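Q: I'm new to this one and would like a close look at a single part. Could you walk me through it slowly?
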Amino acid sequence: MTYTYSDELYSDFFKDAYGFRPRGEIYARWNAMTPDEKQREWDMIGDAFDDRQRAEEAEYARARAEFNKRVADTIALGAKDEATAIRWIIDGADISLKDVSFYGGSYICHEFGLPYEDETRFAFLVKEIQATVDPYEGMI
């Protein structure tokens, strides 16, 4: 049998597949496995990882479609263009401008469940906000 599992990457791979790191009994079980058992377990974790990736991609697609519809609806309500529509949406969502100034477009993606690769879509707005909002104001 060809082994592709990695004891060093087990914890990371497990977390990527299931959302939490293996501890206690789970980790002890892994350490007690034979190489063949570890490979079978690794392959099952790989299947779970693939399932999670597909679900995440579907959720991102749904969130992106929902956001795009919201932009289109906002334009239909009077926003002159996409940039204006996005400004209005962000303003209406009561998103912290300090957080946008500090974290950038990734914060907007997080708030709307969008994939982080979409953060460039908000670069114009982040630049405007960063020019006027100090993310450190009021911090001790």
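Is Tyr 18 buried, partly exposed or exposed, and what is its relative accessible area? Please also tell me about its surroundings.

A: Keep in mind that this is a predicted model. Tyr 18 is partly exposed, since its relative accessible area comes to 34%. Its ring teams up with that of Phe 14 in a tilted aromatic pair, with 4.7 Å from centre to centre and 55° between the planes. Both sit in helix H1, four residues apart, so about one helical turn lies between them. Phe 14, though, counts as buried, because its relative accessibility is 5% and the cut-off for buried is under 20%.

Phe 14 and Tyr 18 belong to one aromatic cluster, whose other members include Tyr 10, Phe 13, Trp 42 and Phe 49. Across the whole structure, a search turns up 15 aromatic pairs.

H1 (residues 10-18) and H3 (residues 35-76) have axes that come within 7 Å and cross at roughly 40°. That angle is why H1 is called oblique to H3. The crossing is left-handed. On the H1 side, the residues in contact are Tyr 10, Phe 13, Phe 14, Asp 16, Ala 17 and Tyr 18. They meet Trp 42, Met 44, Ile 45, Gly 46, Ala 48, Phe 49 and Arg 52 in H3. Sorted by class, this contact has 10 nonpolar residues, one polar and two charged. So Tyr 18, partly exposed as it is, still takes part in the contact between H1 and H3.

Methods. Residues are numbered from 1 along each chain as its sequence is written. This is a predicted model: local features need pLDDT of at least 70, side-chain atom pairs count only at pLDDT 80 or more; totals for chains, interfaces and linings use all residues. Side-chain values use heavy atoms; hydrogens and water are left out. Axes are lines fitted to C-alpha atoms, for helices over the stretch in contact, and angles run from 0 to 180 degrees between N-to-C directions. Helices (H or I, at least four residues) and strands (E, at least two) are DSSP runs, numbered from the N terminus. Angles under 35 degrees count as roughly parallel, over 145 as roughly antiparallel, 65 to 115 as roughly perpendicular and the rest as oblique. A crossing is left-handed if the near helix is turned anticlockwise from the far one by less than a right angle, and right-handed if clockwise. Contact means heavy atoms within 4.5 Å. Ala, Val, Leu, Ile, Met, Phe, Trp, Tyr, Cys and Pro count as nonpolar, Asp, Glu, Lys and Arg as charged, and the others, Gly among them, as polar. Rings of Phe, Tyr and Trp (its six-membered ring) pair if their centres lie within 6.5 Å; planes under 30 degrees apart count as stacked, over 60 as edge-to-face and the rest as tilted. Buried means under 20% relative accessible area, exposed over 50%, partly exposed in between (1.4 Å probe, protein chains only).
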